[in-house]
Amino acid sequence: MMEQLNDFVGFLSDLVWGVPLLVLLVGTGVFLTFRLAFLQFRTLPYALKLSFSPKSQDTKSKGDISHFQALTTALAATIGTGNIAGVATAVVLGGPGAVFWMWITALFGMATKYAEAILAVKYREEGPDGTMSGGPMYYIEKGLKLKWLAVLFAVFGAFAAFGIGNLVQSNSVASAMESSFNVPFWVTGVVLTVLAGLVILGGIKSIGKVTAYFVPFMALFYVIAGLVLMIQNFDLVPAAVALIFTDAFTGEAVAGGAIGAVIRWGVARGVFSNEAGLGSAPIAAAAARTDYPGRQALVSMTQVFIDTIVVCSITGIAIVMGNMYVSGDLNGADLTAATFEFFLGGAGSMIVAVGLAFFAFSTILGWSYYGEKCFGYLFKGNAVKGYRLVFVLMIFVGAITELSLVWGIADVLNGLMAIPNLIGLLGLSGVVVAETNRFLKVAREEKARAKAAS
């Protein structure tokens, strides 16, 4: 019976994540890119400055956390197993060219992420305790006036958090710790539960403070290791990058030259990694202290760039350089670990194991907030505190339990989240454009004043 259930969930996952949803996800990004006149390319330097410059952090406007903390909370949720295991799967099933289509998905996904954030801030609500709540459920209800669709998103989000943001993440960490350092599953479960509980039970301000320190460290740790690998083997880099570009349009590395497989797996794993269009990250954006929705939206947009263009590229290029994907014997995190070990020796696999542990732990923190906000939308009052407690306890369950079925269910729920969110983005695209024009006018005036003062 369990095998039949697994097959059914697998069928649902293939159905939900089929060509129609992938076309809708990327198509929404393309549509918004044109409506916003390629905003993500024109404003990226300014957006990065807003994200990382201490002088750009708003301390006076309403909100719970800073621009930077909102960004790192969203990055905590997205920089996860997709950056290590997901990229490897894309290369195995779609060939080296899949990395190119991950990049394309990210470039258009930046416009999607921008639109999600601008709507999240515009339609957010302030609670009795002064904390902010926002995200797709709020802009679908208040902007589109479709309460039932907003409820549907919140239900999917509240449950999806236990899958992709909790159980499977703690299980990934426990597996990595056991295989690399012989740490028993239950020990990892206890440590993760205690550490995550100390942060999560403190709410978004606690999560924001921790991720502001934790996320930059973990991302730099993995990126620097990848750059060292490439510098030491620089003679292989040009050929690997060239293969990624040529295979993207030929599909020669896939059996039968299936160009469709190259595109499908590149797009699917790209979306899985940066979550553009799923509606998760705008929940964190809504908590930011900001005077204009457009200012925080630009900060949120950089999340996709960092996640996919920077971190995923490290994994993808390294795997193509190693050429170990060709045999098909290795996949997922095992392939990434074997590649790093091939180039960096025994330390390589340990770097991947530690990186996976950091990435998965951060995902647990980010998704705990997403889940509680979806739950809080459905059930007001103190119910959120109960949700937090259950979420923390389930971390231990995930670490010691076989989760093949949970992976499939999490995949389905993630896909279902995207549908109402994309309907909201397309239906409210006019609002996105109007808010963008309003902020860009302010930004130009600020730039002129700064220039005159200097």
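Here is a walk through a predicted model, from a surface patch to a helix crossing and then to some salt bridges.

Start on the outside. Phe-185, Trp-186, Val-190, Val-191, Val-194, Leu-195, Leu-198 and Ile-400 make up a nonpolar surface patch, and together they have about 760 Å² of accessible area. Helix H10, spanning residues 185-200, is the main contributor, with seven residues. Take Leu-195, which sits in helix H10: its relative accessibility is 43%, so it counts as partly exposed.

Next, look at helices H4 (residues 44-52) and H5 (residues 67-78). Their axes come within 7 Å and cross at roughly 100°, which means that H4 is roughly perpendicular to H5. Where they touch, Leu-50, Ser-51 and Phe-52 of H4 meet His-67, Phe-68 and Leu-71 of H5.

Now for the charges. The whole structure has seven salt bridges. One of them pairs Glu-435 with Lys-122, with the closest N and O atoms 3.1 Å apart. Glu-435 is in helix H20 (residues 429-453) and Lys-122 is in helix H7 (residues 97-122), so this pair ties together parts 313 residues apart in sequence. Glu-435 is buried at 10% relative accessibility, while Lys-122 is partly exposed at 38%.

Glu-372 and Arg-388 also meet in a salt bridge, at 2.7 Å from N to O.

Note on methods: Residues numbered from 1 in each chain as written. Predicted model: local features only at pLDDT ≥ 70, side-chain atom pairs only at ≥ 80, totals over all residues. Heavy atoms only, no water. Patch = residues over 30% accessible without salt bridge, like charges linked within 9 Å, V, L, I, M, F, W, Y side chains within 5 Å. Areas by Shrake-Rupley, 256 points an atom, 1.4 Å probe, with all protein chains shown as cover. Salt bridge = Lys/Arg side-chain N within 4 Å of Asp/Glu carboxyl O. Helix = DSSP H or I, 4+ residues; strand = E, 2+ residues; numbered from the N terminus. Buried < 20%, exposed > 50% of the residue type's maximum accessible area, 1.4 Å probe, protein only. Axes fitted to C-alpha atoms, helices over the stretch in contact; angles between N-to-C directions. Parallel < 35°, antiparallel > 145°, perpendicular 65-115°, else oblique. Contact = heavy atoms within 4.5 Å.
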